[in-house]
Amino acid sequence: MPPDGLIGQALPRVEDERLLRGAGRYVDDIHPEGCLEAAFLRSPFAHARVTNVDLSEAVRAPGVVAAFDGAQAAALAGPLVFDMARIVPEPVRRSVDPLVRVQPMPSLATDRVTFVGQPVAMVVAESRYLAEDALQLIDVEYEDLPVVVDPERALEPDAPLLEPEWEDNVAIAFNFRKGDPDAAFAAAHATVEERFRSHRYMAAPIETRGVVAAVDPFDGRLTVWASSQTPHLLRDFLAGALGYAPDRLRVVAPDVGGGFGMKGSIYPEDLLVPMAARELGRPVKWIEDRAEDLASSTHGREQVHRIALAADADGRILALRDDIVHNAGAFTTLGLVVPYNSLTHLLGPYDIEAVDVRMRVALTNTGVTAPFRGAGRPETVFAVERAMDRLARELGMDPAELRERNMVRPEQMPYATGLVYRDGADQVYDSGDYPGLLRKARELVDAEELLAQSSEERRIGVGYAAYTEGTGVGPFESARVSVEPGGKVIVRYGGASQGQGHRTTLAQIAADALGVRFEDVEVRGGDSGELAQGFGTIASRTLVLAGNAIVEAATEVRERAKRIAAEMLEISPDDLELAEGAFSPKGSPGTKLPLGDVAGFLSPFNPARPKGESADLAAGSIYRPSTVTYAAGVHAVVVAVDVATGMVELLRYAVAHDCGRVVNPTIADGQIAGGVMQGIGGALYEELVYDDAGQLVTGSFLDYLLPTASEAPELRLAHLDVPSPLNPLGVKGLGEGGAIGPPAAIANAVEDALHELGVVVREGPLGPSRVRELIREAVKAGHGKVNTVGS
Amino acid sequence: MAEVDIRLTLNGEERSASVEPRLLLSDFIRHHMRLTGTHVGCEHGVCGACTVIVDGEPQRSCLMFAVQADGASVETIEGVAPNGELGPVQQAFHEAHGMQCGFCTPGFVMSLTALLRNSPDADDDELLDSLSGNLCRCTGYVNIIEAARLARERMNGAA
């Protein structure tokens, strides 16, 4: 689509210069006068009774100001209660009648620990060095309890219980059924059934989490700086947990070094650090280290799907069955969010009439899983897209052809899936051309020439993955647009940036909606002191919700300014135009009344100011979407697998994406590229591995492997953007989309490359040892017909 | 703990301090010298966010003690273009959109600045090899590789 004003233009980011000079302000760069530093003692056991915590030596250590155990913390701040997680919209209840159990999470463990890395005690000292020294002087007595790590094992009747008062480890359960899947399976020409596992990996932003809290000694107000995606939600949570009126508590997310969902959760340290600052009357800081991040920040993925597809002889899919087990880790903090996303994205772009899904979410003695870029979608897409390839093989069809045959066609839009979305609305795809996306991805990846280079030693294959993504979920986002007397426009929004470039894209939107120059707009977010209401930047929502809130507020400001300008110029408002920050009478572009002068005219010092008008030229807006809008994409990848080493090389990666109307193409493509790389990390390198005792064996970046520049494939992107009819801007969210496809697409390509050997890929990551193991197993099973393969 | 006197050149200025022997160079730069543009992402030498230039070579400041920098010349991101326009590497990251959250960016800029000063005609493999010492979680690297090529072109042209 050609640019329409500033929207659609690849403007360079206004964020960059400060960050490039090292003048960013991340949470650890904030160090109030007299700031103390905290360190946490964490459980070395996955499941144990805590019988005694002895802080007596630690509190006497040099530089230590205070130490807290679980009982002290509980008395001062209580456990973390995730009330929002209990909310189930009535239509969701009617559709799937879910069981949702949410436990309170102790800020520091009291009588029990349930995962390695759970905080047990906190030391506050004059420096981090001294606080860590003192941790070694804390004596904790543990009594081992039986451990369960595997979610399927956790559902067995004799499994150790995470919550002794519960009769089992099921935190969440629901079923969904439509059509007549039993009849469809009975009548099918072909069926496939497989067990696919989406393994555990995580966001691991390069900046870890961190919190700084300070109480103003004069008025008692508390300020918290946190590396958070949701400062307003944290403010509301802390107000309740610490007993502050929300207006006496300000939460700021300064520059944040990546989040990807991990910083959208609320954690024990978020509560404990402000609590300590209040108790001690001095500022307190805690910066997570990488070992803490890998063990204790939220993880993502980990689902086991037993999925089956039934098709007729033409490859038309008649029914889908899936029995899903999701590993929640030791606590469920966000309730239905991730598992329910897995249900509502299981059908993806496909039109399937009969469906039978069972979801069970198990507690285990592992780190908490929570939303991570995609939040339930990559897991479910891995299962369904792998099953599509198995079905294509069974039918002897081209996998892309099978997909296209089953996709919802553009003329079926708006298309109702029969499900209810998490926000309580019927799930209706609002717009999109899924077959078009598939054809585009296929064209971009241009696999034929590469496939022709395949040899017995270096086998080349192609894989696809298609997905939909509900973006811009409610309940709301807020914005405020104000024109300052000098003509500068300040836009405040309730979200927070972790690198998405909001200060650029939201300024483009505001400048267009208001009729001012881009460079006159300053965007401020991530600060509850700037704007009282806000929800936060999670779930691919800020562009959709904050963007449209800004349009509404800017429109209101423009209309009011026009009315006042008309009074000033003594002409009719209908005869005025606003462009580049100045009003002109229609047909007299030479006469200009700058918007700043209109704002100045309202000054209380101006004796001629109109009576009854407020002094500020500003408006606020709360945007509440009717429901989500559906982005979609198809990924296609060509891989080469070295049969002798098991090494997978990505030869070419293609993405065809629909994210609605694009505000800034450079930033949009950057979001997709970044998401794809995180997906590639999960597909090939990254895995959080627990041993049977619940020890995290990938607890550093030496074991938890993030991809580097050397692993970046040739990436080809294309947009097939269909504007959303659901919001005035026509935008869809795109923060997560890139991360959804790669695990499935790459697994499909690897299996395609190795299909002659009889290899079936059932889980990732597809590192060399797993690929070699797959080849060895296939050869052993008698599929091998290649003499280059060792046994 | 007994402190040790050190003297070093930091971004061209002579600085002296008394530090504990166990103090990391990264903490010395950030918390003692208050130059917070050097970031710490893993504290075990993998992510490269804390990269600074020590006597002309890129070094991970989380893997050095401050006392090891005694007598050395240390350059941080704040020293790359202290007053005027952005340096060529910084400018290239901006133009190629080689950055999103900006947290890893100073480390990339320092690694690449050291490489291109020492080998202005580094080939693509050398560029990639150097870039692979720094982790980025936002960009997917494509635009970082682009930025590196752009910076090389410009620094070559200037040489």
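A:Glu580 counts as exposed, at 63% relative accessibility. Exposed means over 50% relative accessible area, buried means under 20%, and partly exposed is in between, with a 1.4 Å probe and protein chains only. A:Glu580 sits in the loop between strand 23 (576-579) and strand 24 (582-585) of chain A. Its phi is positive, about 50°, although A:Glu580 is not a glycine.

A word on the source. This is a predicted model, where local features need pLDDT of at least 70 and side-chain atom pairs count only at pLDDT 80 or more, while totals for chains, interfaces and linings use all residues. Residues are numbered from 1 along each chain as its sequence is written, chains are lettered from A and ligands numbered from 1 in the order in which they are written, and side-chain values use heavy atoms, leaving out hydrogens and water.

Back to the backbone. Most residues other than glycine have a negative phi, and most peptide bonds are trans. A:Phe260 also has a positive phi, near 60°. A:Phe260 lies in the loop between strand 12 (249-252) and helix 9 (268-280) of chain A. Buried or exposed? A:Phe260 is buried, with a relative accessible area of 13%.

Now the cis bonds. One runs from A:Met413 to A:Pro414, with omega near -10°. A:Pro414 is in the loop between helix 13 (399-406) and strand 17 (415-420) of chain A. Another runs from A:Gly474 to A:Pro475, with omega near 10°. Look for A:Pro475 in the loop between strand 19 (458-471) and strand 20 (477-483) of chain A.

Next, chain A as a whole. It has 22 helices and 29 strands. Both are DSSP runs numbered from the N terminus: helices are H or I, at least four residues, and strands are E, at least two. The radius of gyration of chain A is 28 Å, close to the 28 Å from the globule rule for 791 residues, so chain A is as compact as a globular protein of that length. That radius is taken over C-alpha atoms, and the rule is 2.2 Å times the number of residues to the power 0.38. Buried residues make up 65% of the 791 in chain A.

Last, chain B. How much of helix 3 is buried? 12 of its 14 residues are, so helix 3 of chain B is largely enclosed by the rest of the structure. Among the buried ones are B:Phe108, B:Met110 and B:Leu115.
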